[in-house]
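Look at the structure first, then read on.

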Protein chains: 2
Amino acid sequence: MLTSSQQQLLRVISQSGPSSRTVLAASMGLSKAAMSGIARDLISLGVLRETETIYGQGRPSILLDLHPEGAFFVGISLLEDPAPLVLSDFNGNIVARQTMPLSRDPDVIAEMIADTLPKLLAEQESADGKLSGLGVALSGFVDEKQASCVKSTLLGWQDVPLAGIIRQKTGIDTFIENDAKAVAVSEKLFGSARDVRNFSVVSFGNGIGCAHFVGGKLYRGNHGGAGEIAHCTIEPNGSPCRCGKRGCLDTVASLKAIKEMAKAEGLACQSLNDLETEASLGNAVAIRILHRAGSALGLAIAHLIQFNDPGLILITHVEGRFDGLFGTVMRQAAEANVLPRYAGQTPIRTQRVDTDVWARGAASIAAHNFLIGPNPN
Amino acid sequence: MLTSSQQQLLRVISQSGPSSRTVLAASMGLSKAAMSGIARDLISLGVLRETETIYGQGRPSILLDLHPEGAFFVGISLLEDPAPLVLSDFNGNIVARQTMPLSRDPDVIAEMIADTLPKLLAEQESADGKLSGLGVALSGFVDEKQASCVKSTLLGWQDVPLAGIIRQKTGIDTFIENDAKAVAVSEKLFGSARDVRNFSVVSFGNGIGCAHFVGGKLYRGNHGGAGEIAHCTIEPNGSPCRCGKRGCLDTVASLKAIKEMAKAEGLACQSLNDLETEASLGNAVAIRILHRAGSALGLAIAHLIQFNDPGLILITHVEGRFDGLFGTVMRQAAEANVLPRYAGQTPIRTQRVDTDVWARGAASIAAHNFLIGPNPN
DNA sequence: CAGTTAAGTTCAGAAAATGAACAAAGATGC
DNA sequence: GCATCTTTGTTCATTTTCTGAACTTAACTG
């Protein structure tokens, strides 16, 4: 196990990127002498390495960065069938990939993982003995310890201690997390939100997920429900939602909702792109649907900005485009519904991601726990 | 200055209340031996004291608590004229009070404070030499260092480095803060949110303010704007707001808005209480106004719950009542617009406070900085 | 009243961080 | 081209902080 100073150093590097010993010492409030020793230990452990040399006035500084092969993590997504398993290095690169059939039985899942792990590790020799954690992403609510699934409609679960079951079968430190929160962590650790302390990730797909980073840490909420924007009321007295309320964001702006509205209106559109094309050709129905969905998502994002004042809103999407009518209306609505003084102050970035986002996010949950530990006070 | 362990101990006690050395050692991850020494030092400094003795099996434990006279803080509210100055002890009790005329000139304010301070301190002899900080609460945005007012419409300020000016004139460590955020800090340190890590305070008055505590820390947002729920769009295409948008919560649910709506409808109501009385007598207009306001506030609170999943919503109000139609509708709307699964899971507590809330909150900002320091990583 | 239990203290030694001096490595100026 | 300057990073003795184990204290238990 690493000392607290060593963990802190890893955390600082993972947050601010490669840095010199002197800079790191200053940002951790330690002396250069102390930093020298800590860095030496972590380098000899193979966790850190020296990368670039920066020339300036005086002696050049040598940047320290996480050694990509310092630790490896497994990430599994329970959102698809077959379920992907990926092996990620310390820089978040996927170095191996397998799949396994999805099951709803926790014991079967653990068994499958234990069976598939050797195949995954065989793909990357250098990972031998350096597997430092396993993460699972799923749709649903997860408890604070990231050990137990409190509730998952998709999997039909209630209070399933999945992490413990997998840990027992595989012998590897295991943590589970909600899908959107896992994506947020991977964006923070390895993605485009590395240097932002406060941000929200909105994952746009058939459902709409969201997760917040506050003060450089994932904020899970008191019941693990922080970020559940899909069921905020956006159209009072709107259409009924499967959750029991009416006018939820999910009923208007999710990919599934958009497709269903198109179908209900008799449009032969299979995808958001089709609908965008129709709209650009002047189809009034397509325009109306996209307008309605874009306004709703934009309003929800405006609320997010007003309530939490994040430094970045990152919208990740597997399907669809955000450069058409839908995206434009969304941005306009977001701008129009925040304090005019703040309009344009919060960057809204959209990012197309591949279908391994969830598995990669799951792996980053394991990395996060390795880097930051369970409870950093 | 205190060592970081000493600060941490004070922070833990201020968060979890009086505790024995053994319990404190465990919760800080230190040995009993280390705790023994740290506690001894702080007791001899007069900052901690032994209070109750708890008898159980074995040697009784002695609870340690902040010494009420261990440190004193001054709090000043710039929200009223005359502006109140209060002296608070380490337990958040107000032990002295003065007022001074309000000014919009920072130099004059600092001058007035410097003049009034001796009078305030004279009221409490034991505070002599133990004044450990000064806090100022104001309406507007404050920078991250709690030193400079970025913007205050009420005071007509833009980038006013008030803390520095006051510090120079008085020689006392000074911090400024937004009014709602100051109240949140005082509820966390001394009030009813002591043991809640995640909560939001909604301050209801002529304006509507809000502040979040996340992970036991005040969350200020990336531009200091976290919690600005007053200008979230609650009635799309609603009445124009002074901020430039339409349908802001502030235009429907603030005390000022309610009174103005009543006046515009020709009701002779001076206060929320009058309006409640009218409503209870069956006045349809009063009922409609209260319904609209309560629904709006409830919807905003529902959004707050959906977005951030806090452990507590604390509504503080100087005027008005929350046990009438307005409060009932507010609660119903809040419940009806969160995921049914979560309805009722988040306590919504209302709390009537006196007009010294702001000054008390300001003092707690100083206490917070004394206890926790400027930047606890 | 002896035995048990748990809180808090003491003290030697270990661990971690500091400060100051110094070595290293390149930029700068004449 | 060479001495000088500037800044990074290391070394090491010293100081600070924490730990572990033994011990003292002060109850409760039967």
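## Strand pairing

Two strands count as paired if DSSP finds at least two bridges between them. The model is predicted. In it, β12(A) and strand β15 (residues 313-317) of chain A pair in the parallel sense, over five bridges. Within this pairing, Val201(A) stands opposite Leu314(A) of β15(A).

β12(A) also pairs with strand β13 (residues 208-214) of chain A. These two run antiparallel and are joined by six bridges. Phe204(A) has Ile208(A) of β13(A) as its bridge partner. Three residues lie between β12(A) and β13(A), and the two strands form a hairpin.

## A covered strand

How many residues of strand β12 (residues 199-204) of chain A are buried? Six of its six residues are, so the strand is mostly covered, with buried meaning under 20% relative accessible area.

The side chains divide between two directions. Phe199(A), Val201(A) and Ser203(A) point one way from β12(A). Ser200(A), Val202(A) and Phe204(A) point the other way. Both sets are buried.

## A positive patch

Which residues form the positive surface patch? Arg197(A) and Lys217(A) take part, together with Arg197(B) and Lys217(B). The patch therefore draws on chain A and chain B, with patch residues having over 30% relative accessible area and no salt bridge.

Lys217(A) sits in strand β14 (residues 217-219) of chain A. Is Lys217(A) buried, partly exposed or exposed? Its relative accessibility is 34%, so Lys217(A) counts as partly exposed.

Technical notes:
Residues numbered from 1 in each chain as written. Chains lettered and ligands numbered in written order. Predicted model: local features only at pLDDT ≥ 70, side-chain atom pairs only at ≥ 80, totals over all residues. Heavy atoms only, no water. Patch = residues over 30% accessible without salt bridge, like charges linked within 9 Å, V, L, I, M, F, W, Y side chains within 5 Å. Areas by Shrake-Rupley, 256 points an atom, 1.4 Å probe, with all protein chains shown as cover. Salt bridge = Lys/Arg side-chain N within 4 Å of Asp/Glu carboxyl O. Lys, Arg positive; Asp, Glu negative; His and termini not counted. Charge placed at Lys NZ, Arg CZ, Asp CG, Glu CD. Helix = DSSP H or I, 4+ residues; strand = E, 2+ residues; numbered from the N terminus. Buried < 20%, exposed > 50% of the residue type's maximum accessible area, 1.4 Å probe, protein only.
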